[in-house]
Amino acid sequence: MKAVGARLPRYDGIEHVTGRTQYVDDVKVPGTLWTKALRSPHHSASFSGLDTSRAEAMPGVHAVITWEDVPLLEYGHLSALGIPADEPLLAKDEVRYKGQPIALVAAEDEDTAQAAVEAIGIEFEERTPLLDIRRAFDEDAPKIHQWGNWYPHFEGEMDRRQIRKGSIEQAFEQADTIVQGVYRPAAIEHVPLETQVSLVVPEANGRLTIYSCTQALYFSMGVVAAHLNVPLNKLKVVGGTVGGGFGGKVDTATETMCALLAQKSGRPVKWRWTREEEFLCSSTRAPWHMEIADAVTKDGWILGRKMLTLHDSGAYARFSPYGLTKHSFHHTGAYTIPNLEFDGFVVFTNRVPTTAMRGFGVTSVSFATETHMSRIAHVLGLDPYEVRLKNANRIGDTSPNRIVYTDPSTVPVVKALAGGMGVELAPDYAAMDREQRTGDLLPEHLVGQLADPEDH
Amino acid sequence: MTKATEVISPTSADEAASLFGDGSGVTVIAGGTIVVPDITYGRVAPGKALLLGGAGLDTLDAAGSTVTVGAGLPVQRLSELAEDVEALAECALNVADYEVRRQGTVGGNVCAGAAGDAPRGDLQGPFLALDATARSAGAGGERSEPLEEFLAHRKDRLLLDLTFEKPAASAFASLDYPHTHAYTVLAVTGVRAADGTVRLAATGLAGHGARLRAAEAAADADAAGAAAVGDVTLGDDALASAWYRERALPVLVRRVLAKLGEAA
Amino acid sequence: MAVKQGRGIAAIEYPTGMNQNGDPSQAWIKVKPDGRVDVFAGTSDIGNGSKTIQSQIVAETIGVPYDWVTYDNSNTDSSPVCTGTFASRATFVAGKAVEKAAERVRERILDIAGKELEIDPSDLEVVDGEVVAKGAPQKKLGVPDVAAAATWTYGELITGTGAQLKPYAAIVDAETGEVDLPPHSAISYAACAAEVEVDEETGVVQVTRLVQVYDVGRAINPTLVEGQIEGGAIQGLGLGVLENCYPYYPSVEHRGGQFGSYLAPGFEDLPQLDTIIIENPSADGPYGAKGIGEMANNAQPPAIAAAVYDAVGVWVTELPITPEKVLRALEAKAEPVREGKRVTFDAELSVNTVSQGGIAFEVPA
Amino acid sequence: MNLTVNGIAREIESAPLTTLLDVLREELGVTSPKVGCEQGGCGSCTVLVDGEPQRACLTAVAAVEGAEVTTVEGIGTADSLSAVQQAFTHHYAAQCGFCTSGMMLAAEAYVQRGGTDDREAIQEALAGHVCRCTGYVKIIDAVAAVARGEEFDITVTAASPGMTNLGGVQ
């Protein structure tokens, strides 16, 4: 029997339907301590007088940690890509979003941990938060980082992600119409049914066993090892079975802190976020602000696109520079547009840091460019299927960063959609395929961008 | 957790009333759907918990022209009144989901405060429109009063039951997201009493549910819709803004009045 | 009631694997003395079904039944590196690593079977758990016998490792964004049509039907593909009309902290779903597969936005398309500003309006 | 206090206002009911109390003193799966599996009380259960198939309604 192509049952299906699948929270280790966090009540504030002595003295409390307990306080999630760190594991001197962790307590039970959190002394001086990315560039905008309000380290020196191809000026000049619009998808929660959770057990041999809900075992291990300044053989990350992720569990949200608490207390430590913490303190999909101006001809060719993207990163960079770069590479969507001017900024605000989520970087640009495409069709009075088929990327066309498309399927999927909707396409369009451009489908403005698919 | 709590489980309504006393220091747990999460999340730390499950308050008497609904009746069971009071049954089936309706009680729903970021207390609407009488225990002993008055101090009293006359017709219209675990953004209930009087009430407001008296007095449905806005205080929450509710309320009033017309 | 109907479409593409690549996945496989196969990989199964898909790839590649395969991704002591389950890479990238490891294992099985059968390994193949001579199917040896021979006769462990790493595609020109290598492993394509009903009086948008087309390259398990597409569809619906962490964005007030006030789609939000799958194989993916997990929630929001316009004649371009936004748009009845050949929508949302001189988006008229 | 859990009488030592969810998971080690929200909003902790589905996170254990509690462990095992468990397997109604236990118990109760294969009725009956993975389609398929009394081959999975495969298309 062939395995590939077969409708085989889930490998872990029987475990799922018998309730036997073991998620992190189902691992029970005697003597496990509960964790609670002191989180920032303010969107932006400086703080002083952090005093954990009363909490530490409470019966049942086994460890309290603050920034002073973290060997490497700031670790960049994407340090391997040269993206410098900006986010402390636990806040030091200032908080940049409501819910930011400042101190953690591990105690015999939840109530004791919570009481100890409330016994931690701290004084905040509130600051005006920056919340609107469109105002971040203004002189009077509150300043969030020493870097300023937007991320300055693309390719080491660029303060923006930039794409340039052809000549946008020429495209605007040649256009019959320039269609301009603004697109703003919202921040949303990942909403995995399993909230962020980890359990760290200090072993007799000095290793730490980290039961984790991570989407990326090795990635999380690397993050913990960096913060703790230990080699990888000191850690064993146990996981691989996750109660939903959708991108949010690429963040290493709890593992490092549990590891520090386990080291300090010598006891197993678990931290399971409440649903409220998951909704209010976990990272979200980013809100984006996108402006597009397309140079179009009256018969529906898109000659050029100018685009500005502001990516609301929240208080810290996390994966946002990566997401924006990916976004920029796909800002023409499923089409070939030869003249491009794209500028994108990762903008900081005093909201919960945003992170990867299903479709990272591209969900936003798909919404913007496809809604814009529909608008172009309406403005020009053209059929929305035909405008798409006409501009669809084809074998031999090139992407915004000059990569040749070798197997694009825009034409097949749009034609199949028309079929599925019972829409009859005009004969020219019904006859289209994805092969290289010729004849009417190779107007002058698309000649220069062509490349040989064999060069892939 | 909650080890210090004294838990008492009365076995009759009278015993419940007497154990409730003046209510001070007492946490009432009927269905538990509101208060148990509050305990879990540390927002309520009961010193003394009154568990009402066995108190016999889950009564429903609709045999005659008057209906009496025990405060301990599961919300789901109001569906049994579909023929007598369509709006009440419809509103009840609009609350949360099957499991929560089976567990949550009429009293808990009627006495609910706002959830912080969303309105609660959907059943206040139909009971207000039905001009229900609330019988409650608490300081000064047992008392019966119009629900409208009871709502103002509902947190201090133990609701025992609600009584109302069967109406000639009733109608319900709501704005809610299709999935039931969301709270109702805004809802309007209309009742035509046996004597022809039309009463309207709304929930999803800044405070608890309210009668729409100016709307009731208006000449026609359009005027009623417009007048309803003056009857209420609207707020912003996670589900909708006051701006939106101000525009949607007249629509719901018109729809309820249209339905009442159909039901004539 | 004034309920209007509308339709809209969208077509999208999405890259498989981490952007710019450089994201390794590795696997190793060993064969037990009775021929059963143990796979060790580091790919977390977040519900997407990567344990299943990778097991299927191993079974197919070696040529043994699916239920001979055990799959262990449980810990970093036994599992080699996998960058992780994201970027639609669990099938495409990590699946390629297990395919490569399984190819090594199959080669080892054929080598040992060749010795036992005294046939050149290149003349052998593995079919349904048996090593069979090509063109002479009566000459065969069960994989369990091969594994036993390896263990007890030849003193060998049948094992294989595989690693998949597309080199990091560097941006060689920061001004233009030009890269030196393809920055993706493959690109997947999809299109979506949305049908909606919009209540003009309340602004409520009900998505009634989604018709979707996905080029999946190759459906390694069609049922799991459907699961990704259906789950993605309703997340896309959530993005389009329901979900928002900040209902008054950019304000941070009134965040929903529970399921009652954060509007994750539920059973009753489900529209009719019609799905068409196309299989245009990817040159590089395992068995031609592409990754479609992530793109599955990308096409619905723009299709819904266009459908809302089709229904009631207003563009709502701030997601989600809530009843309030529809009513505000209907009240404003905003027409685009036409100046020269420029047609400008949404001027009130633009940085040109909101920024106090810090940033601008300049477009000729 | 006492409970009967999956047919076995258990003495409960937890404090009376401890949630049934915590009693099951922490005291009794029955981990199939999941901690999804502890707000009653997701359905992952649903168990059967005297045969009816109930949110274990909304239930103080003292309020169900003496009751019969059934979790997924009590409706079938790997060797003898219940119809609902078989249907969820055959219809691929579980992806990450975290909502599955609660979902199946609600489905079990729905079928037990005579629920039909009407898709809207199933949607309404299970409306309190959030699944972030599946888009609900295959869960509805599974419950409808049980309601129709179908038998299931759990060595293969079923296609969703409304699916077409065009194969290679240029």
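1. A salt bridge is taken here as a side-chain nitrogen of Lys or Arg within 4 Å of a carboxyl oxygen of Asp or Glu. In this predicted model, B:R102 and D:E52 form such a bridge, their closest N and O atoms being 3.6 Å apart. Across the interface of chain B and chain D there are four salt bridges.

2. The side of chain B that touches chain D draws at least two residues from each of α2 (35–40), β3 (48–51) and α4 (98–103). The largest share comes from α4(B), with six residues. By class, this side of chain B holds twelve nonpolar, nine polar and five charged residues.

3. The contact between these two chains involves 26 residues from chain B and 30 residues from chain D. About 2,100 Å² is buried between chain B and chain D, 57% of it on carbon and sulfur atoms.

4. For chain A and chain C, the contact takes 129 residues from chain A and 140 residues from chain C. The two chains bury about 11,300 Å² between them, with 59% of that area on carbon and sulfur atoms.

5. Nine salt bridges are counted between chain A and chain C. One of them joins C:R255 to A:E189, with the closest N and O atoms 3.6 Å apart. Helix α9 (residues 362–380) of chain A gives the most to the side of chain A that touches chain C, namely ten residues. That side of chain A comprises 66 nonpolar, 31 polar and 32 charged residues.

6. Strand pairing also links chain A and chain C: strand β8 (residues 177–183) of chain A and strand β15 (residues 342–344) of chain C pair in the parallel sense over three bridges. Within β15(C), C:R342 is the bridge partner of A:I178.

Definitions and conventions:
Residues are numbered from 1 along each chain as its sequence is written. Chains are lettered from A and ligands numbered from 1 in the order in which they are written. This is a predicted model: local features need pLDDT of at least 70, side-chain atom pairs count only at pLDDT 80 or more; totals for chains, interfaces and linings use all residues. Side-chain values use heavy atoms; hydrogens and water are left out. Contact means heavy atoms within 4.5 Å. Buried area is the accessible area (1.4 Å probe) that two parts lose on being put together, summed over both. Helices (H or I, at least four residues) and strands (E, at least two) are DSSP runs, numbered from the N terminus. Ala, Val, Leu, Ile, Met, Phe, Trp, Tyr, Cys and Pro count as nonpolar, Asp, Glu, Lys and Arg as charged, and the others, Gly among them, as polar. Two strands pair if DSSP finds at least two bridges between them.
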